[in-house]
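Notebook open, model loaded. I want to go through a few spots one by one and write down what I find.

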Amino acid sequence: MPDNLPRITERAIQNWVGEPSFSRGRRYFRNGAIFDARREGMTLKALCQGSAAAPYRVRVTLSSSGVADAECSCPVGAGGHCKHVAALLLTWLHHPEYFREAPPLAQRLRDLDKDALIKLIQRMIDHNPELETAVEVWIPAMTGQGTIDAESLRRRVHRIIDHIPYEWGASYAAAAELREVVKEGEMLEDAGRWWEAAQFYGVIAEELMESYGNIYEEEGEFIEVLSTCGERLGLCLAELRDPGQREVVIRRLYEMVAWDIDQGGYGADEWAHFALVEDTTPEERAMVAEWVQKALEEEKRKGTETEGFSRQWRLQAYGGLMIDLLKDVLDDEAYLELCRESGRQKDVVVRLVQMGRVDEARREAASLSDYELLMVAQQIDKEPRRRKLARELLSMRADSTNDTRILGQLLAWAREDGDADALFRLAQRRFEMRPDLASYQAWREIGRQRGDWETVRAEILRSLEQQGAWRLLVEILLDEKAYDDAIAAFGSWRQQASWGGHHFMVRVADALAEARPQAAMEIYAEAVEQLVAQRKRPSYAEAAQLLKRIRDILIRQGNARIWDDLIASFRQQYKRLPALQDELNRAGL
Ligand SMILES: [Zn+2]
C-alpha cells in the first residue's frame, strides 16, 4: 500500500458501515463487484455492480484517522454507509494494486488545450446523448447568448419521469436526477439571466404538473422537486423588472398554487404562494385576486357535483390565498364576506371578536370543529383583555371533546389563573379520556392539594380493578411504592396476559429489585424463560443481562452459593443451545 495513504483496517470499515452492510459488502468484494477503481490523492473512486442493471458510483475520502467522507449513488448510499462503500474499502485494503493513480480531474482538464477539450466533450456526448440537451441549456447560460431550448428541456424531463420502473428506489433515483437538472438553473441565476432562469424552472414545473398523475413516486420526492421550482421561480420574480416578463412568471406561480389546490393539497405550493403574496406589487396582487375570484366562482358553480369535503377544502384554500393577497385593502365587512364565502369560519370568529361583536362570535364559534376552536381561542388569548373570552369559548368543549390538546390548553390556562376546581375537573377529564400513568400523576398532583385525595384515589383504583386495567394499576402502585399491592395486581396481569410482554415484566422487576427482591427474581426468571424460548441470539443476549440482575440480587443477599448452583443448572438445562451458551460466556456468566 502506498505510504502516503493511511491504512484502513477491517475494524475501521466495519465501524464506518455497520455490521449488516459490512457482511454484504464482503460478499460484493469477493465476487469482484468493484471495477474501474482509481485513486485521486486521498480519494478512492470506483464503480460497483449492484442489483440494478447500471453500476453504482462509489466514492470514499480517507483521512489520517480513517474514513472522512463517503457516498454512493445507490438508493441508500447518502452518507456512504452502504455495502458498496464497504466493498470499495475492502478492495482497497486487500488489493490496492487495483487502483489506478490519477491526479484530480479538474487539474487534468486544466492541462488540456481547447481542441482536446472539444473532442473530449464531443466524445462524451456521443457516448451519452443525454448530455447534448444539457449542454444546450448551459451554453446560453455561460455565454449570455441564445434562449432556453424549451423543447429539448421538455424531452429531457420526460426521459427522466416517464417509465420509472415499479421497483424500490427507482423513483428516488429519478427524482434525484431531476433535482440535478433543476440545479443547472442556478448557472443562469449566477449569470444574472433571471428571465431565462424563470423560463427554465417554469418548463420543468409545467411538465411535472402535467405528468404528475402518471409518475410513480414513493413519498413525495417529485412534489419536493416541484416545490423547489416554485422557490426558484419566486427568486426570479424578485429580480425581474419587465412587467410583461413578471406577468408570465406570476401566471406560472399561480398555476402552481391552483394545481396544488386542485390536487387536494400536496404542499408543493408554499413557495409559490409566498412569492405571489410577498414579491408582487398591489396591482399585480389585484390581478391575481381576479384569477382567484374566477376559481372560487368556478368551485361554487360546480356545486354539489364534486365531493363535499374536498370542495370545501378547495374553497378554503382559494379563500386563504385571496385573503393573503388582499389583506391590506379589505375592510371588515368585505373580509367577513370573503371568509364566509370560502368557508373560513374560524377567521370569521376571530375578526368578529376583534370588532367587539362578541355575542355573534360566540354563536358562530359553535359550528367550529374542536381543533379549529382551539386555534381560534389561542389566537384570541394573545390579546390580554380577551383572555377571559378565550377561556370561555374553549371551555364550552371541555366535556364533549376527545381532543387532548383542548384539555391540555385549558389545564395550562387554569394553572395560570390558579383555578383549583377547574384544574381538578380537567385533570380528571384527561385521565378518563386517556388513562395512563402520566395523566394519573398529573391528576394526583392537583388532587393532593385538596383534602380528599385518598378517597378519590381509592375510587380510581377500584374502578381500574373492575375494568381489569391491571397494567396501569401495576404502574400506579409501583409509582406509589405500594409494592405488595403492585405484586398482587401484577399476578392478575399475568393471568390475563397470555403471551409476551417481557419488557413490561422487566420494568416491574426492576422497580421491585430493591424492596421486594424475591418477587423481582421470580419475574426476571420468568422473563428469561420467555426470551430463551424465542430461540434468537438477541433474545439470548437480553436473557443473559437479566440473569446478571438475578446474580446481583443473590450476591447482595450473601447467597453467592445459590447463584452458582442456579447458573450451573441453567447451563446444564440448555446445553444444546450453543448460541445461548456463547451469550452467557460473553456476559461473563
Ligand atoms: Zn451503495
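**Entry 1: Ser21**

I started with Ser21 and its contacts, leaving aside neighbours within four places in sequence: they are His81, Cys82, Lys83 and Ala86. For me two residues are in contact if their C-beta atoms, placed from the backbone, lie within 7 Å. A note on the source: this is a predicted model, where local features need pLDDT of at least 70, side-chain atom pairs count only at pLDDT 80 or more, and totals for chains, interfaces and linings use all residues. Numbering goes from 1 along each chain as its sequence is written.

Ser21 sits in helix 2 (residues 19-30). My helices (H or I, at least four residues) and strands (E, at least two) are DSSP runs, numbered from the N terminus.

Is Ser21 buried or exposed? It is buried, because 21 other C-beta atoms lie within 10 Å. The cut-offs I use: buried at 20 or more other C-beta atoms within 10 Å of the residue's own, exposed at 12 or fewer, partly exposed in between, with C-beta atoms placed from the backbone. I also checked Ser21 against Ile161, 140 residues apart along the chain, and got 30 Å between their C-alpha atoms.

Five of them form an open sheet in the order 4-3-2-1-5, with mixed pairing. The edge strands are strand 4 and strand 5 (100-101), each pairing on one side only. I call two strands paired if DSSP finds at least two bridges between them. A reminder to myself: strands of a sheet pair through backbone hydrogen bonds, either parallel or antiparallel.

I then stayed with strand 3 (residues 56-63). What is on its covered face? I find Tyr56, Val58, Val60 and Leu62 there, while Arg57, Arg59, Thr61 and Ser63 are on the uncovered one.

Strand 3 runs antiparallel to strand 2 (residues 43-48), and six bridges join them. Leu47 has Arg57 in strand 3 as its bridge partner. On the other pairing I looked up, strand 3 and strand 4 (residues 66-72) are also antiparallel and joined by six bridges. A hairpin of two residues links strand 3 to strand 4. There, Ser63 has Gly66 in strand 4 as its bridge partner, and Arg59 stands opposite Glu71 in strand 4.

Which strands does helix 3 (residues 83-94) lie across? Strand 1 (34-40), strand 2, strand 3 and strand 4, and helix 3 runs at about 55° to strand 3. My axes are lines fitted to C-alpha atoms, for helices over the stretch in contact, and angles run from 0 to 180 degrees between N-to-C directions.

Helix 9 (residues 194-211) packs on helix 10 (residues 221-239) at about 155°, axes 9 Å apart. That angle is why I log helix 9 and helix 10 as roughly antiparallel.

Ala, Val, Leu, Ile, Met, Phe, Trp, Tyr, Cys and Pro count as nonpolar, Asp, Glu, Lys and Arg as charged, and the others, Gly among them, as polar.

Ala268 lies in the loop between helix 11 (243-262) and helix 12 (270-278). I log Ala268 as buried because 26 other C-beta atoms lie within 10 Å. Leaving aside neighbours within four places in sequence, its contacts are Ile223, Leu226, Ser227, Gly230, Met256 and Asp260.

Helix 26 (residues 502-512) and helix 27 pack at about 155°, with axes 8 Å apart. So helix 26 is roughly antiparallel to helix 27. Their contact divides into eleven nonpolar residues, two polar and one charged.

Helix 27 (residues 517-533) also packs with helix 28 (residues 537-556), at about 160° and with axes 9 Å apart. Helix 27 and helix 28 are therefore roughly antiparallel too. I count 15 nonpolar, one polar and two charged residues in the contact of helix 27 with helix 28.

Note on methods
Parallel < 35°, antiparallel > 145°, perpendicular 65-115°, else oblique.
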